[in-house]
Amino acid sequence: MEQPEISVVLTTFQRFKMLDRAIKSVINQTFRNWELIIVDDCSQDQTQKLCEKYTNKDNRIRYIRRESNFGQHTRPKNEGIESARANLIAFLDDDNVYRRDHLQVLYRYLTNKSDIDLVYGDRWLIDKTGKGKDCIGIRSHFDAKLLSQRNYIDTSDVLVKKECLEKVGGWDETLPKFADWNLWVR
């Protein structure tokens, strides 16, 4: 198996219906050299069965089922980072989907400049009702002062060097809220 350029860490708990859409959005990426690591926080629904269906079809997909429920996404994300084979990490929450060119665009920006360790994109809001329009939700160029006041970087919109995540200690597992914001500030 080829060394992946990007490890996508997808954490989930009890949301197998949403999870299927998220997995398909990774499989359908224009950027093909990825691995998908699904970390299940001990779901009791059909999550394991769904994930095994995908791991049997695509050797780029790995499934990790935690033995006990941690109760929040931070430890499963850290376990996904630990098991990642690539030097670049992307995150995908189970209730989100990637645009088809998501990984390609972020990869191009991150690898074109050696002094960049993390890139992120705009958050798109999709109107599932068909009555409105899709639109950009969260959007901001990097501004350290603004980031100290509010989080404008969505977890599923990031591509980051694994070494940077390790250097800052990964996701803070003691935080019940705002763990992503805390990670970006660190």
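**Strand pairing and salt bridges in a predicted model**

Colleague: Which residue in β4 stands opposite isoleucine 6?

Modeller: This is a predicted model, with residues numbered from 1 along each chain as its sequence is written. Local features need pLDDT of at least 70 and side-chain atom pairs pLDDT 80 or more, whereas totals for chains, interfaces and linings use all residues; side-chain values rest on heavy atoms, without hydrogens and water. β1 (6-12) and β4 (88-93) pair in the parallel sense over six bridges, pairing being a matter of at least two DSSP bridges between two strands. Within β4, the residue opposite isoleucine 6 is leucine 88.

Colleague: Over how many bridges do β1 and β2 pair?

Modeller: Strands here are DSSP runs of E with at least two residues, and helices are runs of H or I with at least four, numbered from the N terminus. Threonine 12 stands opposite aspartate 40 in β2. The pairing of β1 with β2 is parallel, and its bridges number seven.

Colleague: Is β1 mostly covered or uncovered?

Modeller: One side of β1 carries Ile6, Val8, Leu10 and Thr12, and the other Ser7, Val9 and Thr11, all of them buried. Buried means under 20% relative accessible area, exposed over 50%, and partly exposed in between, for a 1.4 Å probe and protein chains only. In a regular strand, side chains alternate between the two faces of the sheet. With seven of seven residues buried, β1 is mostly covered.

Colleague: What are the edge strands of the open sheet?

Modeller: The sheet has six strands in the order β3-β2-β1-β4-β8-β5, with mixed pairing. Its twist averages 20° from one strand to the next. β5 (118-120) pairs with β8 (residues 158-161) in the antiparallel sense over three bridges, and leucine 118 stands opposite valine 160. Pairing on one side only marks the edge strands, β3 and β5.

Colleague: At about what angle does helix α3 run to β2?

Modeller: Helix α3 (residues 74-83) lies across β1, β2, β3 and β4, with contact meaning heavy atoms within 4.5 Å. Axes are lines fitted to C-alpha atoms, for helices over the stretch in contact, and angles run from 0 to 180 degrees between N-to-C directions. Relative to β2, the angle is about 145°.

Colleague: With which side chain does arginine 62 meet in a salt bridge?

Modeller: A salt bridge places a side-chain nitrogen of Lys or Arg within 4 Å of a carboxyl oxygen of Asp or Glu. The N to O distance here is 2.9 Å, and the pair ties together parts 27 residues apart in sequence because arginine 62 lies in β3 (residues 61-65) and its partner in β2 (residues 34-40).

Colleague: How far apart are the closest N and O atoms of arginine 99 and aspartate 101?

Modeller: Both residues are partly exposed, arginine 99 at 48% and aspartate 101 at 32%. Their closest N and O atoms lie apart by 3.8 Å.

Colleague: What is the N to O distance in the salt bridge of aspartate 58 and arginine 60?

Modeller: Aspartate 58 is buried at 13%, and arginine 60 is buried at 16%. Their side chains meet with an N to O distance of 2.8 Å.
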